[in-house]
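Reader: I am new to this structure and would like to learn how to read it. Could you take me through it, one feature at a time?

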Amino acid sequence: MPRFAANLTLMFTEVPFLDRFAEAAQAGFEAVEFLFPYEHPPEAIGERLERHGLTQALFNLPPGDWAGGERGLAALPERFEELKAGVETALAYARATRVKRLHLMAGMADRTDPKAQDSYRRAVAWTAERLGTEGLDLVLEPINARNMPGYFLNDFGYAADLIRDVNRPNLKLQFDLYHCQILHGDVTMRLRALMPIVGHVQTASVPERHEPGSGEMNDAFLFAELDRLGYDGFIGCEYNPRAGTREGLGWFAPYKGARAS
């Protein structure tokens, strides 16, 4: 039975961020994820997780100036020292939340630029090694150009090749079903091929990024396929509710038992 993590950046936005943990638990989720925790003290996040019996599935390393349009620093050669400092900031939150994996955003850069390629590879290798000393996985997520034009990591094949080339046991692929469908299609076959390096999965319907089951993909089939492939991690629900979070949770009803089991 698939296990789902509510993405608190996008879901339960009807209440303030720290109150969304309670909302997720009450709705039947056993885990949560979000983009960034850095506006709140690590202890505040950890306390909400413990109070509501939730597992922290994932969050992102600091991305630079998000409000200013930055989407990560890894492919930016001149920002390496800032990236390293951001990793240390994230590790304080990792310890407080007991999360097992962190996502490194690549940044806005031309993927054909050799300097950006070298910078990205160096950042990935360094971050994977640093997180490995803390017993954490590092995940890399390809993101489609429709949602994030100009993002460096926009191809699943490139990400997979890099992960295999860097060859660290804690470096894995963040497989977002939504992004894969838009970038490449043929999602099931890509899942089957890439499952050995998958460290986290996310979902949303295509094309409008709403609740699973509301778009062109057979999301229930893909969830069952993840079970067949032996994926035992969480599926992050990184979608925009169409008309209220709770009102759109009908798709989730068949999976609620996973929490109790």
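Author: Gladly, and let us start with the cysteines. This is a predicted model. The sulfur of cysteine 180 has its closest cysteine sulfur in cysteine 237, 18 Å away, which is too far for a bond.

Reader: What kind of bond would that be?

Author: A disulfide is a covalent bond between the sulfur atoms of two cysteines. Here cysteine 237 takes part in no disulfide, its nearest cysteine sulfur being the one in cysteine 180.

Reader: How many disulfides does a search of the whole structure find?

Author: The search finds 0 disulfides.

Reader: Is cysteine 180 buried or exposed?

Author: Cysteine 180 is buried, with 0% relative accessible area. Cysteine 237 also has a relative accessibility of 0%, so it counts as buried, because the cut-off is under 20%.

Reader: Now the strands. How many of them make up the closed barrel, and in what order do they run?

Author: The barrel has 8 strands, in the order E1-E2-E3-E4-E5-E6-E7-E8, and their pairing is parallel. From one strand to the next, the twist averages 30°.

Reader: Where should I look to see strand E1 pair with strand E8?

Author: Look at residues 3–7 for E1 and residues 234–237 for E8; 4 bridges link them in the parallel sense. As a landmark, find arginine 3, which has phenylalanine 234 of E8 opposite it.

Reader: Which residues of E7 are buried?

Author: In E7, 6 of the 6 residues are buried, so the strand is largely enclosed by the rest of the structure. On one side, E7 pairs with E6 in parallel over 4 bridges, and phenylalanine 175 stands opposite valine 201 of E7. E7 is also joined to E8, again in parallel, by 3 bridges.

Reader: How do side chains sit along a strand in general?

Author: In a regular strand the side chains alternate between the two faces of the sheet.

Reader: And which helix goes with E7 and E8 in a β-α-β unit?

Author: That is H8: E7, H8 and E8 form a β-α-β unit that is right-handed.

Reader: Which strands does helix H4 lie across?

Author: Helix H4, residues 114–132, lies across E4, E5 and E6, and its direction is at about 150° to E5. Helix H5, residues 156–166, lies across E5 and E6, at about 165° to E6.

Reader: Is threonine 55 buried or partly exposed?

Author: Threonine 55 belongs to strand E3, residues 55–60, and with 34% relative accessibility it counts as partly exposed. Not counting residues up to four places away in sequence, threonine 55 touches Glu30, Ala31, Val32, Leu49 and Phe234.

Reader: How far apart are threonine 55 and phenylalanine 29 in sequence and in space?

Author: They are 26 residues apart in sequence, and 9.4 Å apart in space from C-alpha to C-alpha.

Notes:
Residues numbered from 1 in each chain as written. Predicted model: local features only at pLDDT ≥ 70, side-chain atom pairs only at ≥ 80, totals over all residues. Heavy atoms only, no water. Disulfide = S-S within 2.5 Å. Buried < 20%, exposed > 50% of the residue type's maximum accessible area, 1.4 Å probe, protein only. Pairing = 2+ DSSP bridges. Helix = DSSP H or I, 4+ residues; strand = E, 2+ residues; numbered from the N terminus. Axes fitted to C-alpha atoms, helices over the stretch in contact; angles between N-to-C directions. Contact = heavy atoms within 4.5 Å. Right-handed = clockwise from strand over helix to strand, strands pointing away.
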